[in-house]
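Subject: Structure handover

Hello,

Here is the structure we spoke about handing over. Please look through it first; my notes come after.

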Amino acid sequence: MATEQLLPETIRTAVGLPDTVLGQGIAAFVGAFLVGSVMLAYTGVAGPWAKRKITAAFTDRIAANRIGPFGLGTIPADALRLLSKELIIPEDVDRPAYDLGPLIVAGSALLGFAVIPMGGLGPLNIQLADPESGLVYVFAVASIATLGLTMAGYASSNKYSMLGALRAIAQNVAYEIPLVLTGASVVLFTQSLQMSEIVAVQQETLVTIAGVSIPSWFAFVNPFAFALFMIANLAEVGRNPFDIPEAPTEIVAGYQTEYSSVYFVLIYLGEFLHIFLGGAIIATLFLGGAAGPGPESIGFLWFTAKIWGVFLFTQWARSAVPRVRIDQLIEIGWKGMLVLSFANLLLTALLVGVIA
Amino acid sequence: MSVEETEETPEIEAGVTVEDEVLDTLGDTVQTTEEHLNADASVVVRPDQVQDTLSALRDDMGYDHLSCVTAQEYEDRYESIYHMKQYDDPTQEVSVVVPASKDEPISQSAEPVFRTADWHEREAYDLVGINYEDHPDPRRILLPETWQGHPLGQDYDQDSPQIVTLSEWDNPLRDDHVDDEADTMFLNIGPHHPATHGVLHVKTVLDGETVADVDPDIGYLHRCEEQMCQNGTYRHQIMPYPDRWDYVSAGILNEWAYARAAEDLADIEVPEYAQVIRTMSAELCRIAAHMLALGTFALDVFGDFTATFQYAFRDREVIQNILEDLTGQRMMFNYFRLGGVAWDLPEPREEFFEKTRDFLEELPAKLEEYHDLITGNEIFQLRCVDTGILEPEVAKSYGATGPVARASGIDYDLRRDDPYGYYDELDWDVVTEDGCDNFSRVIVRMQEVEESAKIIEQCVDLLEEWPEDDRTIQSNVPRTLKPDADAETYRAVEAAKGELGIYIRSDGTDKPGRFKIRSPCFSNLQTLGEMSEGEYIPDLIASLGSLDIVLGEVDR
């Protein structure tokens, strides 16, 4: 898979652009535009529709069912509604930080998708770039969002926003480290930070039970690391039991209290993109990327199913699990998750050292 | 004065009435005694001896529950009435009447003796105009600070303009809230906030995430309920109002509070059949109210759109349907009448019984599910156990009642201790927990739902077998009720939130001379500071939720 052509290259050769910096640039731009649009489309489905339907199923309700089949028509209607609302900018906000915050939140998540191998769709291999340091890059850009949240919260000139921003920083610092450490334990197996390489390693068969061969996805190889990563990811995307930075019943809406209209949409968009990016990282690191039954050309569908699976998980947690308190969150992060993820890293290192 | 040295035991010897005991304990403090319909003794004391009197009654005779403070203005004087009870036996009641002069209505504050007097006296000052000496916080409570006049006073001019703008009297956003020196932060929680359960404004001072000080600001939902009741006739015009106090489907419990007081005042009998219907419908309301309390508490601890909240509302809906069949209304029932209820069970009766029984049958499984979802959840326990601690002694001092008191181990339930309706004929238990924390308050409510279900089941059994020729739903009550002038009573029932008491003084007309509502939420809400100071913001929110206040009842 690693040898396969990346998406921009495919586009360039298909359209016949020259192999120059300009040609590559245009092709990369088109490719990024396509991938970005797909992800935004997922978010568009998730935000106004899927989220409602999923929560409704958990909480014994019906939710959107008025416009179109299954209420799907609510998506354009909601998009129009959200975008046409009045943009209220409070008097004392600190611009341009106030305006940049939402852009950074949404933008940083989109950047992460650049290196995610999303599998094949027909003749295409959907991956924009495959640098050797792919995993480091994706963790790095994902955490830029914290900067956006901080700017949003601090510049809003609202005490609830500031509390939310402080909580967001505390939470992200506490959970980013376990997240990266657990990711590192996967790297110990793959000996590579390159995303396509990480996926490729997982394609081998782990065991065969009664004719069914189980692939060596890291979720099967190291379920402990998988569980740790899922939990840390919940904190990273701020869903129950870790939706502390927003905590609507405590601090109204946290860092996004003062945002309305388009800015509000951007922040929400960013949140959902982050959930999907989290899903993409989990799929790549632990669930064999785009692997699944059937030909490689439908890999993208499997990839989509996996990231939506993670999305479903976050919504489930949101519907059923209480929120922990801020001090408990920090305690779980520093005293629990950090210790466990170090233990996981050490054990994995030992294991890999003994086997190899 | 030898009051402090008096060493009396509260036991009543043969031939000695409670009044004698009280007079003996209080000595010369008492000026005269008065007639009160249900208090064993009603003593009049000088306005500068309030603290001595109350502490003597509390320490020497065990009157440890300052249930209600009623203030009123007469032609020639002001009067504050401290109605005291015992937590161990609420049928032991004493009224301490404190007259104050018309020109200079100054009376000693009872706050140093009973913390609950703080808010009660603020309300008395606000609405009637009595000034309390020694009061630690003599502000208005329901009306804005710039209000002109005291609405329940006699010379109050309703037509005089009240020009009160927020920025003129207390702009919560004004700059001087920012103290550059201090490390603390002032935060307005409410009046528009997702977790205040209505329009409550909690002025909070934070030290980081820790709550340093809370000051609940109430009155946003003040609708002059007492005054409206004073302008209605006993027989029909008052009964619709109680539904609007604790308006979250606890209406029938509130109606009973008025019914009990008025029936006591006018000496009206209630047929046994009607008592059973009353008991059943009241307990249905209690379950509905507790379901709502559970659901909204889950909102506070879980976050929005959680399964528990929706489940609780789904199950509450079943009760609402039953109550709708019975009363014709879903929330504002107006079902009780003085001397009985408005109408008999709906025909066909079998269908009604079946519906009710179906609900009772499904209830245990549903409660089991709640226990799995809520109380069995470890994160929930992490959040609620040992947070929002309310020690029993503190709770008593604040006059806390209902599930809040019972979760602090105070075994106090008027249905059993001061029986009314049909409760003393039925087999059920009072639930108490010793945890004193948010978790206990949830557990108490959930167990009370089970007990209420037991009561309803027995009532349905009784009603099913009730002989057809003995189904009197109302006794004969005169069309116009005019209780004797100056007859007064204070009667309370166990509402969903605790002791809901009504003080009525008759002035000889067909409308009450003074109508005072003792709201359980009003007293319970006062404990918020005790519970949450020194804890985190999320605990403050959880504690507020566990108090289960309804602002309609707090503000009245």
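The notes below go through the chain contact, the domains, the sheets, the helix pairs and some backbone details.

The model is predicted, not experimental.

**Contact between the chains**

Chain A puts 24 residues into the contact and chain B puts in 27 residues. On chain B, the elements that each supply at least two residues to the side touching chain A are strand E8 (185-189) and the helices H7 (272-302), H8 (307-327), H10 (378-384) and H17 (537-547). That side of chain B has 17 nonpolar residues, with five polar and five charged ones.

**Domains of chain B**

Chain B is divided into domain 1, covering 18-133, and domain 2, covering 225-555. Taken over C-alpha atoms, the centres of domain 1 of chain B and domain 2 of chain B are separated by 27 Å. Domain 1 of chain B gives 20 residues to the contact and domain 2 of chain B gives 27 residues. On the domain 1 side, strand E3 (65-73) and helix H3 (117-127) of chain B each supply at least two residues. E3(B) gives the most to that side, with six residues. By class, the side of domain 1 of chain B that touches domain 2 of chain B has seven nonpolar, nine polar and four charged residues.

**Five-stranded sheet of chain B**

Five strands of chain B form an open sheet in the order E1-E2-E5-E4-E3, and the pairing is mixed. Strand E1 (30-33) and E3 of chain B are at the edges with a single partner strand each, so one side of each has no neighbour in the sheet. On average, and with direction ignored, neighbouring strands of this sheet are turned by 25 degrees against each other.

Within the sheet, strand E2 (residues 41-45) of chain B pairs with strand E5 (residues 93-101) of chain B in the parallel sense, over four bridges. In this pair, Ala41(B) stands opposite Val94(B) in E5(B). Helix H1 (residues 18-26) of chain B lies across E1, E2 and E5 of chain B and runs at about 25 degrees to E2(B). H3(B) also packs on the sheet, where it touches E3 and strand E4 (77-85) of chain B; the direction of H3(B) makes about 10 degrees with that of E3(B).

**Three-stranded sheet of chain B**

Another open sheet of chain B has three strands in the order E13-E14-E15, with antiparallel pairing. Strand E13 (488-495) and strand E15 (512-518) of chain B are the edge strands, and each pairs on one side only. Neighbouring strands here are turned by 15 degrees against each other on average, direction ignored. E13(B) and strand E14 (residues 498-506) of chain B run antiparallel and are joined by eight bridges. Val493(B) stands opposite Leu500(B) in E14(B). Helix H6 (residues 251-266) of chain B lies across E13 and E14 of chain B, at about 150 degrees to E13(B).

**Helix pairs**

In chain A, the axes of helix H4 (residues 97-112) and helix H11 (residues 261-286) come within 8 Å and cross at roughly 25 degrees. At that angle H4(A) counts as roughly parallel to H11(A), because the limit for this is under 35 degrees. The crossing of H4(A) past H11(A) is left-handed. The residues that meet include Leu103(A), Ala106(A) and Leu110(A) in H4(A), and Leu266(A), Leu273(A) and Leu277(A) in H11(A). This contact has 12 nonpolar, three polar and no charged residues.

In chain B, the axes of H9(B) and helix H14 (residues 438-464) come within 10 Å and cross at roughly 165 degrees. H9(B) is therefore roughly antiparallel to H14(B). H9(B) passes H14(B) in a left-handed crossing. Among the residues in contact are Phe353(B), Arg357(B) and Leu360(B) of H9(B), and Met446(B), Glu450(B) and Glu457(B) of H14(B). By class, the contact of H9(B) with H14(B) has 13 nonpolar, two polar and four charged residues.

**Backbone details**

- Arg95(A) and Pro96(A) are joined by a cis peptide bond with omega about 5 degrees. Pro96(A) is in the loop between helix H3 (74-84) and H4 of chain A.
- The peptide bond from Glu347(B) to Pro348(B) is also cis, with omega near -10 degrees. Pro348(B) lies in the loop between strand E12 (340-341) and helix H9 (349-375) of chain B.
- Cys224(B) is not a glycine but has a positive phi of about 60 degrees. Cys224(B) is in the loop between strand E10 (210-217) and helix H5 (225-230) of chain B.

Regards

Technical notes
Residues numbered from 1 in each chain as written. Chains lettered and ligands numbered in written order. Predicted model: local features only at pLDDT ≥ 70, side-chain atom pairs only at ≥ 80, totals over all residues. Contact = placed C-beta atoms within 7 Å. Nonpolar A, V, L, I, M, F, W, Y, C, P; charged D, E, K, R; others polar. Axes fitted to C-alpha atoms, helices over the stretch in contact; angles between N-to-C directions. Parallel < 35°, antiparallel > 145°, perpendicular 65-115°, else oblique. Left-handed = near helix turned anticlockwise from the far one by under 90°. Domains from an automatic or database assignment. Pairing = 2+ DSSP bridges.
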